[in-house]
Amino acid sequence: MTGSWDSVWRQADIATMAATGEDGFGAIHNGAIAIKNGRIAWIGPAAELPKDGIGPHTAMHDLNGGWITPGLIDCHTHLVYGGNRAHEFELRLNGASYEEIARAGGGIRSTVTATRAASEDELIRQGEKRLRALLAEGVTTIEIKSGYGLDLDNELKCLRVARRLGEQHPVRVRTTLLAAHALPPEYAADADGYIDLVCDRIIPAAAQAGLADAVDAFCEGIGFTPEQTRRVFEAARRHNLPVKLHAEQLSNLGGAALAAAFGALSADHLEYLDEAGVQAMAKAGTVAVLLPGAFYMLRETQLPPIDLLRRHGVAMAVSTDCNPGTSPVTSLLLMLSMACTLFRLTPAEALAGMTRQAARALGLQGEAGTLEVGKTADFVVWDIDRPAALAYQVGLNPMRQVVFAGRPLPR
Ligand code: DI6
Ligand code: FE
């Protein structure tokens with residue numbers, strides 16, 4: 001033992017989410033967590049806590065019940081954007097489909113107009129309202145995509161906003177460049193020309209500025225073809241950036257298998273994924289990111305192939321997809337509930353989906369997502385009597401305390 005611990009948290013049950021033990025939560029009953037330099041230095045049953053780690057300056061936190069989970073990870077969001085699309089929500093409820101609205105120039109493109117018009121400070125102000133809502137439910141790591149700028153300056157602007165949000169709030173931000181999200185109006189008849197711009201200018205500039213941690217694309221009839229997606233992935237590879245993909249959301253173009261062929265961190269949505277795609281993902285270790293908020297908002301009826309994913313051992317993550325069109329959602333706890341009710345995940349699978357598996361979807365599995373020695377001390381104390389209660393009670397926020405990188409946050 002080199003010096004004493006900075007703090008100890010004890011008298012609570014802990015869902016480490018580490019071992020896939022029998023209960024799926026890796027539970028430690030009446031546990032303790034010791035922190036040194038922002039990392040977990042010891043974790044286990046409180047009765048076994050080594051006494052020699054406790055010194056005169058160790059802050060002792062006695063929790064008197066409740067459960068501790070890893071800080072939640074929202075691994076797929078489009079949190080930075082201008083305006084909103086409540087009007088389209090209304091149109092859809094009056095009978096228009098998402099695809100019809102997109103083809104008529106609405107949809108993503110209307111958000112592009114509002115995002116381009118907004119300054120960085122305005123985007124911060126709008127984004128931080130959504131971010132605060134997520135943090136209030138225990139999110140300590142979030143992925144934020146660009147994808148509403150769709151030109152060099154505006155894509156970089158959105159990535160800078162995402163980075164700044166991470167500097168100004170107690171949250172770890174991973175940024176993803178999603179320039180291949182939709183066709184900007186100035187390239188309306190020239191998708192390949194736009195992909196040239198993405199590959200030759202936007203990806204290199206984002207990589208050089210250190211603004212992107214990964215690259216994503218929307219492979220879909222209303223997005224980009226597999227061939228165009230492949231070009232985006234090749235450009236990402238040239239710049240040593242890992243890839244992810246919006247795949248098989250509205251139709252099956254084989255996007256997930258393509259992503260897997262590039263060793264993608266994740267393939268996301270996946271309602272129309274087939275068994276060949278599942279097998280390719282299993283082989284590559286690509287995480288399936290499930291987005292029940294978009295499924296719900298689009299009143300989708302085709303379920304992602306959960307049983308196939310399970311059977312082939314593909315890791316399943318769960319996220320908000322926070323975006324103005326198909327998932328204006330800023331509650332990860334609601335997604336936990338919906339992953340159970342709509343997708344029939346067990347509470348343990350769903351919670352793993354926003355902790356251990358979400359960390360994998362971001363390439364952060366060595367750092368976050370589980371409570372284990374050496375990992376960053378990001379965790380949440382909840383006023384619940386079993387972890388399933390997080391998915392069961394809708395609209396009641398049982399969060400008591402967040403610890404981020406070892407620091408207790410004010411509530
Ligand atoms: N799939 C989605 O669900 C979001 N983007 C995507 O590629 C929707 C984005 C939007 O409608 O603004
Ligand atoms: Fe998305």
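Reader: Is Arg164 buried, exposed or partly exposed, and what is its relative accessible area?

Author: Arg164 is partly exposed, at 24% relative accessible area. Buried means under 20%, exposed over 50%, and partly exposed in between, with a 1.4 Å probe and protein chains only. This is a predicted model, in which local features need pLDDT of at least 70, side-chain atom pairs count only at pLDDT 80 or more, and totals for chains, interfaces and linings use all residues. Residues are numbered from 1 along each chain as its sequence is written, chains are lettered from A and ligands numbered from 1 in the order in which they are written, and side-chain values use heavy atoms, with hydrogens and water left out.

Reader: Which residue forms a salt bridge with Asp121?

Author: A salt bridge is a side-chain nitrogen of Lys or Arg within 4 Å of a carboxyl oxygen of Asp or Glu. Asp121 forms one with Arg164, with 3.0 Å between the closest N and O atoms. Asp121 lies in helix H4 and Arg164 in helix H5, 43 residues apart, and the pair links distant parts of the chain. Helices (H or I, at least four residues) and strands (E, at least two) are DSSP runs, numbered from the N terminus. Asp121 is partly exposed, at 41%.

Arg164 also forms a salt bridge with Glu120, where the closest N and O atoms are 3.3 Å apart. Here too distant parts of the chain are linked: Glu120 is in helix H4 (residues 120-135) and Arg164 in helix H5 (residues 152-168), 44 residues apart. A network of salt bridges joins Glu120, Asp121, Arg160 and Arg164.

Reader: How many salt bridges does the structure hold?

Author: There are 19. One of them pairs Arg39 with Glu367, the closest N and O atoms being 3.1 Å apart. Arg39 lies in strand E3 (residues 39-45) and Glu367 in the loop between helix H14 (356-361) and strand E14 (379-382), so this pair ties together parts that are 328 residues apart in sequence. Arg39 is partly exposed at 33%, and Glu367 is partly exposed at 23%.

Reader: How many disulfides does a search of the whole structure find?

Author: A disulfide is a covalent bond between the sulfur atoms of two cysteines. The criterion is a pair of cysteine sulfur atoms within 2.5 Å. The search finds zero. For Cys75, the nearest cysteine sulfur is that of Cys322, 13 Å away. Cys75 is buried, with 0% relative accessibility. For Cys158, the nearest cysteine sulfur is also that of Cys322, 13 Å away; Cys158 is buried at 1%.

Reader: Where is Thr16 found?

Author: Thr16 sits in the loop between strand E1 (7-15) and strand E2 (27-36). Thr16 is buried, at 6% relative accessible area. A polar atom of its side chain lies 2.7 Å from the backbone oxygen of Gly26. Contact means heavy atoms within 4.5 Å. Leaving aside neighbours within four places in sequence, the contacts of Thr16 include Phe25, Ile43, Pro70 and Leu371.

Reader: How many aromatic pairs are there?

Author: Rings of Phe, Tyr and Trp (its six-membered ring) pair if their centres lie within 6.5 Å; planes under 30 degrees apart count as stacked, over 60 as edge-to-face and the rest as tilted. The whole structure has six such pairs. Tyr187 and Tyr194 form a tilted pair, 5.5 Å centre to centre, with 55° between the planes. Tyr187 is partly exposed at 22%, whereas Tyr194 is buried at 0%. Ring pairs link Tyr187, Tyr194 and Phe224 into a cluster.

Conventions. A polar contact is a pair of N or O atoms within 3.5 Å; within protein, one must be able to donate a hydrogen and the other to accept it, and residues adjacent in sequence count only if both atoms are side-chain atoms.
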